[in-house]
Amino acid sequence: MKPTVTPGGGLFGPRSITWRVHTETPAWPAAVRAFQFQALHPRTIRGIVQNHLLDDAEAVRAHLRRRLAFVGLRTFGTREQAEEAYERAREVHARLIGLDTSTGTLFRLDEPESLRWVHCAEVASHLEVARLSGVALTAGERDAYVAEQRRAAYLAGLTDVPGSAGELDDHLTGMRAHLSATDEARELLRLVVTPPPSLRPGTLPAVGALAFATLPGWARSMYGCPGDAAAGYAAGAALKALRAAAMAMPERLVAPEIRAARALMRAAARTPGADVAA
């Protein structure tokens with residue numbers, strides 16, 4: 001059952017750049033892009049596939065729905081909810097192992113390099129999808145978003161993660177030599193870009209292809225599909241349309257945590273410098 005999210009101060013709060021990004025950016029494309037990006041780390045994707053049995057498109061979509069719910073709880077929930085969610089995740093990951101089929105060695109799923117890559121790929125994906133969706137962020141606000149995400153990284157057990165957009169870009173560049181599109185990554189990409197048989201709440205046909213078009217050119221090339229400028233332009237146009245539709249949606253149709261977060265953000269804007277209660 002999806003936990004009830006209680007927007008309040010939490011890890012970020014209504015004055016944060018994080019709340020602005022996550023209330024204005026289409027969530028599914030950002031989550032799927034992060035997954036596609038994370039899958040380029042061989043041990044990360046092997047550990048996920050071997051422990052979560054992602055052997056068909058529905059299993060992958062269910063996994064992504066759980067990840068979206070986790071991000072929503074971390075972003076908009078109370079600090080207690082976030083801490084409890086991360087504690088459960090750390091306990092699970094500490095018990096799981098994977099097999100590196102390239103070397104025949106076993107590895108833990110909570111290896112710092114893998115956790116750091118997952119964190120950085122997710123942060124970069126939300127920032128890029130926000131940019132392409134038309135969320136206007138200054139350079140300072142992009143830095144602030146990356147810095148704020150350190151709070152979540154700390155709960156995951158990480159202390160050495162980028163604190164600015166420049167540091168994030170440097171980390172992604174430095175990781176390129178350690179990334180590749182394994183058979184597991186390619187199979188998951190195939191499953192992710194397969195449209196669902198019917199339109200369901202929280203899913204969009206071809207969202208996987210849309211997310212893929214927003215990946216860096218070098219990442220798409222690793223998958224063997226470099227794409228072109230036209231595909232990137234089309235992805236940006238589609239994301240802007242999705243954001244416009246979401247922002248114009250009647251309040252009663254908006255997810256409860258987003259609706260509550262927006263109300264707190266409006267209250268914070270009316271009372272500069274004052275705390276806003278949940």
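Predicted model: local features only at pLDDT ≥ 70, side-chain atom pairs only at ≥ 80, totals over all residues.

Q: Let us change topic. How many cavities of 30 Å³ or more does the structure hold?

A: The structure holds 3 cavities of that kind. The second largest cavity has a volume of about 80 Å³.

Q: What lines the second largest cavity?

A: Its lining consists of Ala31, Ala34, Gln38, Leu64, Arg67, Leu68, Val71, Glu122 and His126. The elements that give two or more residues to this lining are helix 2, helix 4 (57–76) and helix 6 (112–133).

Q: Which helix gives the most to that lining?

A: Helix 4 gives the most, with 4 residues.

Q: How does the lining of the second largest cavity divide by class?

A: By class, the lining has 5 nonpolar, 2 polar and 2 charged residues.

Q: Helix 4 came up there. At what angle do helix 1 and helix 4 pack?

A: Helix 1 (residues 17–24) and helix 4 pack at an angle of about 140 degrees, and their axes are 10 Å apart. Helix 1 passes helix 4 in a left-handed crossing.

Q: Which residues touch in that contact?

A: From helix 1 they are Thr18, Trp19, His22 and Thr23, and from helix 4 they are Val71, Thr75 and Phe76. Val71 also belongs to the lining of the second largest cavity. By class, the contact of helix 1 with helix 4 has 3 nonpolar, 4 polar and no charged residues.

Q: Now helix 2. How do the axes of helix 2 and helix 10 cross?

A: The axes of helix 2 (residues 27–38) and helix 10 (residues 183–192) come within 10 Å and cross at roughly 160 degrees. Helix 2 and helix 10 are therefore roughly antiparallel to each other, since angles over 145 degrees count that way. Helix 2 passes helix 10 in a left-handed crossing.

Q: Which residues are in contact, and of what class?

A: Val32, Phe35 and Gln36 of helix 2 meet Leu188, Leu189 and Val192 of helix 10. This contact has 5 nonpolar, 1 polar and no charged residues.

Note on methods:
Residues numbered from 1 in each chain as written. Heavy atoms only, no water. Axes fitted to C-alpha atoms, helices over the stretch in contact; angles between N-to-C directions. Parallel < 35°, antiparallel > 145°, perpendicular 65-115°, else oblique. Left-handed = near helix turned anticlockwise from the far one by under 90°. Contact = heavy atoms within 4.5 Å. Nonpolar A, V, L, I, M, F, W, Y, C, P; charged D, E, K, R; others polar. 1 Å grid on protein atoms, 1.4 Å probe; cavity = no way out; pocket = protein on both sides within 12 Å on 5 of 7 lines; lining within 4 Å. Points joined across faces, edges and corners; volume = space filled by probe spheres on them.
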